[in-house]
Amino acid sequence: MTRDIVRRYPGNPVLTKADIPYPVETVHNAAVVKHGQQYIMLFRSHLRTGRSVIGLARSSDGLHFVADPAPFLTPAKEGPFAEYEEFGVEDPRVTAIGGEYLITYSAYSRNGVRIALAKTRDFRQVARFSLITEADYRNVVIFPEKFNGLYARLDRPHSEIAPWSIWISWSPDLRFWGDSQLVMRPMQYHWDEMKIGPGAPPIRTDRGWLSIYHGVFQTMAGSVYRLGVALHDLHNPALILGVSDSWILQPEDAWEVTGYVSNVVFTCGAVAEPDGTVKIYWGGADSVMCVGEADLADLVDLCLTRSRPPR
Ligand code: BMA
C-alpha cells in the first residue's frame, strides 16, 4: 500500500457546529494563519437562512480550536459593500504581507459572486478595503510577497466557453488588478477535468511556490472535490514548473463523504511549519473542518517528478 502523502489528524474533525457558541449549520472552508503564537482560523458557516457568515477560532497548536463568541465578518448592512454581500460572505483566504493580514472572501448577491478584500492587523478589528473583482470570480489567493513591486494573486473566473481555470493577475496597490493571464487548466479525462480553483495562498519553498488547489470531477452521482498541488516559479509565478498528475487528498472519512454537500474536501488555507511540514486545513462535505500534515518536500517532488502539463 502506498503511504498517504497527507496524514490525516486522528482527532478530525477539529471544528464542527457543536463547537460554535452561536447558531450555525456548518463549519467549513476555513483560512488558517499563524499570528504570533496563535493559529487563527476564519471559517465559513451556513446559517439557517442558507446564507453564510465568517467566524473566527483560535488555537495554540493548530489542532484544538476555540471559537470566538460572535462571528468575525457578516454581510455589510450599509456602504458600498452592502449591495454585493446581500446573499452572504464565503470561503475566506488570508495572506500575511507588509505587517498586515489580507482577507479575501466571496461576496454573494443578486449581482453574482465577486471577491472582496478586507484587512486586519490583530484579528479583532477588521476593515473592508475594496471589491477587487467584478462578477463572476471565486477563490482569490494573494501571494505573501511582491514581484518587481507588484502584488500577485491567483484567481478563478467563471466562463461559459472554457472550463474554469486558474489565472494570475497583478496589482500595484491591491485595488487595481490587471495583466491577467491563464496559468493552469483542468485536464480532460482526469480527476480535475470539470473545474479547478486556487485553494490555500501559495507557500514559499526553496524550489518554488507551492499552490494547493481543488479539482472537481463529475460522476453520475454528483461532483467529487479533491485537492492537488502545483509549483510556480519563485521569481515569476505566472510560470508553472510542474503540476502533480495525481491528487493529494480525496474524500474518504465519513464526514468528507457525507454531509451538507457530499464528497467534498475543499481547502482555503495551509500553515508551513519550521520543521518542513505543512498543516493543510480542509472543509469536509461543506460541514466540518479537518486538518492533516504533509512534508513540503514530498509535495514539491510530486509536482516535479510525476507531473501533468499545466494547460
Ligand atoms: C464550490 C464552492 C465551495 C464548496 C464547493 C462544494 O463551488 O461553493 O464553497 O465547498 O462548491 O460544495
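**Salt bridges and nonpolar cores**

Lys 119 forms a salt bridge with Glu 100, their closest N and O atoms lying 3.4 Å apart, where a salt bridge is a side-chain nitrogen of Lys or Arg within 4 Å of a carboxyl oxygen of Asp or Glu. This pair joins distant parts of the chain, with Lys 119 in strand β8 (residues 112–120) and Glu 100 in strand β7 (residues 100–109), 19 residues apart; helices (H or I, at least four residues) and strands (E, at least two) are DSSP runs, numbered from the N terminus. Both Lys 119 and Glu 100 are buried, buried being under 20% relative accessible area, exposed over 50% and partly exposed in between (1.4 Å probe, protein chains only).

The model is a predicted one, in which local features need pLDDT of at least 70 and side-chain atom pairs count only at pLDDT 80 or more, while totals for chains, interfaces and linings use all residues. Residues are numbered from 1 along each chain as its sequence is written, and side-chain values use heavy atoms, with hydrogens and water left out.

The structure holds 22 salt bridges. One of them joins Glu 90 to Arg 44, with the closest N and O atoms 3.2 Å apart, and this pair links strand β6 (residues 88–97), where Glu 90 lies, to strand β3 (residues 38–46), which holds Arg 44, across 46 residues. Glu 90 and Arg 44 are both buried. Asp 155 and Arg 153 also meet through their side chains, at 2.8 Å from N to O, and these two residues are buried as well.

Turning to the nonpolar cores, each is a set of buried Ala, Val, Leu, Ile, Met, Phe, Trp, Tyr and Cys residues joined through side-chain atoms within 4.5 Å. The largest has 24 residues, of which Leu 210, Ile 212, Ile 248, Ile 280 and Leu 299 touch the most other members. Among the elements that each supply at least two residues of this core are β16 (208–219), β20 (277–284) and α3 (296–305), and α3 gives the most, with five residues. A second, separate core of 21 residues includes Ala 31, Leu 42, Phe 81 and Ala 116.

Within α3, the buried residues are Leu 296, Leu 299, Val 300, Leu 302 and Cys 303. Seen down the axis of α3, these buried residues fall within an arc of 155° (taken from the directions from the helix axis to the C-beta atoms), so they line one face of the helix. Leu 304 is also found in α3, but at 36% relative accessibility this residue counts as partly exposed.
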